[in-house]
Amino acid sequence: MTDIRADTAASADIESIDEFRARARAWLAEHMPPIDPAAPPAAHRDEEGCWQRARQLQKRLYEGGFAGICFPRECGGLGLDYEYQQAFDEESLSYEMPLILNTPTFTICCATLLDTGSEEQKRRHIAAALRGDEVLVQLLSEPSGGSDLAGVITRAERDGDRWVLNGAKTWSTSAFAADYALCLARTNWDVPKHDGLTMFLVPIKHPGITLRRITQLNGSTEFCEEFLDAVDVGDDAVVGEVDGGWAVASRQLYHERRAVGMSSEFASGSGSEGGRSTPVNYAALTKMVGQADNERVQQLAGRALVHRAVSDQLGGHVYRSVRDGILPAAAGTLIRLFHAETTTLEMDTGLAITGTAGVVGADGEGLQAGLRYLARQAVCMGGGTVEMARNVIGERVLNFPREYAADRGVPFSQVRHGN
Amino acid sequence: MTAVDSPEKILFASTTQAFLQKEVPLSRVRELHAQGVSFEPAWWRRAAELGWTALLVPEELGGGSVSGDGVADLAMVAEQLGKTVAPGPLYPVSTVLAGLVDSADPRSHEKTIESLIAGETVAAWAVYEPRQGWAPHEPSVTATATDSGYRIDGVKDRVEAGAHSDLLLVVARTGDGVGQFLVPTDAPGVRIEPQQSIDLVKQYARVHFDGVVTDGGAAIGGAAGLIDRQSQIAQVLQCAEVVGILQTVFDFTVAWALDRHSFGRPLASYQALKHRFADMKMWLEACRATTAAAVAAISARSPAAALSSSIAKSYVGEMATDIIQGCVQMHGGIGVTWEHDLHVYLRRAALYRSIFGTPEEHNLRVYQLQDAGQRAPRSA
């Protein structure tokens, strides 16, 4: 196995994108299950079986030498440019891919470990994730508040040569299916909030962690909350520096914004996860509700399609502009905000097109548009609210004065938090 | 402009920019308006000498572009024009040239092409008809075959620079479909009525064709594909100019928000305003992204060019006027005065929102193209 991968990496030195694409095409045809990209099989993030399936598919990619195209070779990846990943994404559209591993495992957690982790953490965890052996998630938000991430009150205290974590986390995506989590905790209460945080890589199956699923209003149980009760880890669990956790969290937020905007080079496969996340086929929807020939309805659908296409175009534009130094890195937030606005428009459009069929009738005959609409605001919150995104764009893209913050420069122990 | 532009393209861009700043700053645009002048023919000839009119024409027909990608170079010029909402018939001339160079026998139009490149001749595309929306393939103007050529009858309107043109490229219904015909404006039976527009200097015209007789050489072969190509060129140049307008307006509004103080604080420090600026920045970059994608698709003559052009025209049309009106709001009362330049930009953007297909018309088109199985173009 190792030898095959070494050969692949070596040949990649001279392999052009077209050659890589041709080799990927042939390999995919032989090794990955074909699907109809217009109707991809649903990979439900709240079902354990789907995660097992994703791990198996990832293992196949790894064995075939197509895992981690943009991750460095020393971490088990191929060390190639984004153009190779994009070619692979195009070729793999009509095959079943382990898409649910992309976010947060690859695009956020592994990407952040690559930026801030120790050599040992990178080699061990990124490689394990690329082999399909590890799923990584984030334990960031807390019941006491979501947007003020640097105000977390989960504590990590020194006990001999161990760290002991106590507290509660919430809104962690897919944590039930994970092996490790990047967990932000407070290690120093006597300094301003950003300066007393440390990031830990904790095993999610630790006996001190009690995990509970959150049921969302649309029935999804993808998100979890965790109670940490004397969770002890060693120094090797610290990611980055002790009290330097905000730098690590900032990288996670950066990678998360890019992932939400679908422009991360660490994602593999660009198809839809199926089920609720399949883009609406408006032609089918208008037919379903007997409005296929209604120009008013066609215009509404056309506008949604325009915004959907521009969302994709903006992703590429911002990626290139940041790469070329035309826009600052914080411009990734433009993509996050646009994605939320577009998804909101699409859900509103679905509700408008289906009319009464969106609120009375059967799932699959129009009612799905109404059900989808009910959870509309989730996309305006997950990964940071759109209000926070607008602050980031105002302050870090346009360089406007920062918002007043009562806790700036104040030791966290003296700051009022929660309610 | 990107980090990978060649020195030649950078020089071309800076020459264009310097020419526009020196010759047609906003103060000059206001003067032209006060005099009721759309553009000065001598100025247009000097603009043509910079190479703007040669960009869509292949070298063998006397044209050429600096980067080898004439559509992209022309879009860059258009973006520069937006900075001062410059006058001139670049788009009507470019749209006619796009048709002539792609026609069945471009050599037969060599003299016209040469004269258009030199800025000696001005031509315009007569495509709209009274009380009709954007339906370039459905003319009611007729071209009836005669012994020696065609007889043109009917009315066109919203012809940009119609009253300043020597030639019109007229879309007309023939016995066996739709064709395009080059008609001199001094031909007997042609009557031109100027039409007011909301722009300060862009002027339009209604043109009556009353038994206008042309020779056989007036017919431009290859109609259906040509009309689509010309539509796309016309649409994407407007989008590119609007991107230049938006960048200019947004930049001076950001500067205003940082400088202007009320209650002892800069406007830019208020979250309510900051959030509006964040939205405008996002929409501006999205306009840039979708325009760049359309330029690339049209330049490459991609099968998705029509779809990409409609996506850009719809999106830019929808958002641009909102962004500028938002900037007016950020300025307060000064923003609705004649004295402030905001309205000069708003006029041009509002004009372009509607010409060559409203967002609503293009939304319908995007739906129908996608229903017919075209995939949305990826970003470019």
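# Notebook: a two-chain predicted model

**Entry 1. A residue in chain A.** I began at A:Val202 and found this residue in strand E5 (residues 197-203) of chain A; helices (H or I, at least four residues) and strands (E, at least two) are DSSP runs, numbered from the N terminus. I note that this is a predicted model, in which local features need pLDDT of at least 70, side-chain atom pairs count only at pLDDT 80 or more, and totals for chains, interfaces and linings use all residues. Residues are numbered from 1 along each chain as its sequence is written, and chains are lettered from A and ligands numbered from 1 in the order in which they are written.

Is A:Val202 buried or exposed? I recorded A:Val202 as buried, because 24 other C-beta atoms lie within 10 Å. The cut-offs are 20 or more other C-beta atoms within 10 Å for buried, 12 or fewer for exposed, and partly exposed in between, with C-beta atoms placed from the backbone.

I then listed the contacts of A:Val202, leaving aside neighbours within four places in sequence: A:Leu165, A:Tyr180, A:Ala181, A:Cys183, A:Val231, A:Val233 and A:Ala237. Two residues are in contact if their C-beta atoms, placed from the backbone, lie within 7 Å. I also looked up A:Phe338, which is 136 residues from A:Val202 along the chain; their C-alpha atoms are separated by 33 Å.

**Entry 2. Chain A as a whole.** I counted twelve helices and eight strands in chain A. The radius of gyration of chain A is 22 Å, close to the 22 Å that the globule rule gives for 419 residues, so chain A is as compact as a globular protein of that length. This radius is taken over C-alpha atoms, and the rule is 2.2 Å times the number of residues to the power 0.38. The C-alpha trace of chain A spans about 70 × 55 × 45 Å along its principal axes. Buried residues make up 46% of the 419 residues in chain A.

I noted three domains in chain A: domain 1 (2-100 + 119-133), domain 2 (138-253) and domain 3 (279-397). Their bounds come from an automatic or database domain assignment. The centres of domain 1 and domain 3 of chain A, taken over C-alpha atoms, are 28 Å apart.

**Entry 3. Chain B.** I counted eleven helices and ten strands in chain B. Buried residues make up 54% of the 380 residues in chain B. The mean pLDDT of chain B is 95, and 97% of its residues reach 70 or more; pLDDT is the predictor's confidence in each residue, from 0 to 100. The model scores ipTM 0.94 and pTM 0.90.

Chain B is divided into domain 1 (7-118), domain 2 (123-221) and domain 3 (224-371). I found 21 residues of domain 1 of chain B in contact with 21 residues of domain 3 of chain B. On the domain 1 side, helix H2 (26-35), helix H4 (70-83) and helix H5 (90-101) of chain B give two or more residues. H4(B) gives the most to that side, with ten residues.

**Entry 4. Nonpolar cores.** Which residues touch the most other members of the largest nonpolar core? I found B:Phe181 and B:Cys287, out of 150 residues in this core. Such a core is a set of buried Ala, Val, Leu, Ile, Met, Phe, Trp, Tyr and Cys residues joined through C-beta atoms within 7 Å. Helix H8 (residues 271-299) of chain B gives the most to this core, with 16 residues. Not counting residues up to four places away in sequence, B:Cys287 touches B:Val242, B:Val243, B:Leu246, B:Tyr315, B:Val316, B:Met319 and B:Ala320. A second, separate core of 76 residues includes A:Leu61, A:Phe88, A:Leu113 and A:Ala181.

**Entry 5. The contact between the chains.** I recorded 34 residues from chain B and 33 residues from chain A in the contact. H8, helix H9 (305-331) and helix H11 (359-371) of chain B each supply at least two residues of the side of chain B that touches chain A. The largest share of that side, 14 residues, comes from H8(B).
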